[in-house]
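Sequence and model come next.

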Amino acid sequence: MDKNTISFKDLINLLKSNSFFIKRIIISFFILSIIYSYLSTIYYESKITLYPAGELSSSTEIFSDFDDLIESLGINDLSPENNFYIPDIIESSSLREEIVNKKWKTNKFPEPVNLITYWRLDNKSFFSNLLLSFKNYFNAFEYNNELLYEYEAINILDDLIYVDEQNSGLIEVKVLMEEPRLAVDVVDFISEYVIAYVTNEQRKFASKTREYLENRLLLAKEDLYNSENELTDFRTKYPLNLDTPNLQLERLRLIRTVDVNQEVFITIRKQYELAKIEESKERLFINILDSGKQNIYKEYPKRFIIIISFLLLGLIVSVLYILLQQRFKEYF
């Protein structure tokens, strides 16, 4: 048998002969797991579920009747429907900043405080302040403490917010916080922020569309007015009883110009009226299926899983140490 291999029976005997060492390692890891699980920050979870519910614009059917003309005018992309990817909004820095700087009611403080104060990021230890002073000494510009605290709070918050999008389009948002009520408040604030953001962006888009169509409507009205005056002047100057082939051709051209300008004016006028309706009406773009609920059970740390993981780790470490020690003896 190759000396580099070891049979299963030899392995069992080796582990039995070192059982006391293995037990000591496992007990040590067990104690570490207890210490770690009880010193870890306790977090409570609250979650919401939502999905986009953008409705079909009432103007879509009418716009379809004038697709060719609208495209020729360069205004075919003015439908007030926009698509928003909700997870990107939830994971945006602007939302994180809003959450960090908003004052929250907590059990830890008698008055509402922001998360910077709640996590005591602005109450550095002497060593931390000394390290910051050392960095400022070698930095071209002095650190802005408020921005630094905000940056640290956002980094902490990034690990406490989870977004999951299902294949059906359902979006689940989970928030972990040290207090159950605070977790509910934060996750509800996220849903309110998303709804307000999408609504405001849609309203801005509708306003820009209405303003653009209003300007185009004035131009179309002016073109129609000018073409009608040209046709009237021509008819006054050249009555039908004086018609010649050339005059008939010119008259037909003027009439065609009036008809085209009138069609353009009517099309833009319809879009303009629809744009005003879209700008003024309230529409539901996001449905909230489940609002945040207060959880009476902690989500983290899961002490049982931590203890089992540490015990398995202790067993693996002790066995590997014994095998390496045995292989070292064989060679030396």
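Which residue in β3 is the bridge partner of E165? I171 is that partner.

## Basis of the model

The model is predicted: local features need pLDDT of at least 70, side-chain atom pairs count only at pLDDT 80 or more, and totals for chains, interfaces and linings use all residues. Residues are numbered from 1 along each chain as its sequence is written, and side-chain values use heavy atoms, with hydrogens and water left out.

Strands are DSSP runs (E, at least two residues), numbered from the N terminus. Two strands pair if DSSP finds at least two bridges between them.

## The sheet

Four strands form an open sheet with antiparallel pairing. Their order is β2-β3-β1-β4. β2 and β4 (286-290) are the edge strands, since each pairs on one side only. From one strand to the next, the twist averages 25° (axes are lines fitted to C-alpha atoms; angles run from 0 to 180 degrees between N-to-C directions).

β3 covers residues 171-177. Six of its seven residues are buried, so the rest of the structure largely encloses β3. Buried means under 20% relative accessible area (1.4 Å probe, protein chains only).

Strand β1 (residues 44-52) runs antiparallel to β3, joined by seven bridges. Here K47 partners K174, and L50 partners I171. I171 is also the bridge partner of E165.

## The hairpin

Strand β2 (residues 161-165) pairs with β3 over five bridges, again antiparallel. Five residues lie between the strands of this hairpin. G169 takes a positive phi near 100° there.

Definitions and conventions: Buried means under 20% relative accessible area, exposed over 50%, partly exposed in between (1.4 Å probe, protein chains only).
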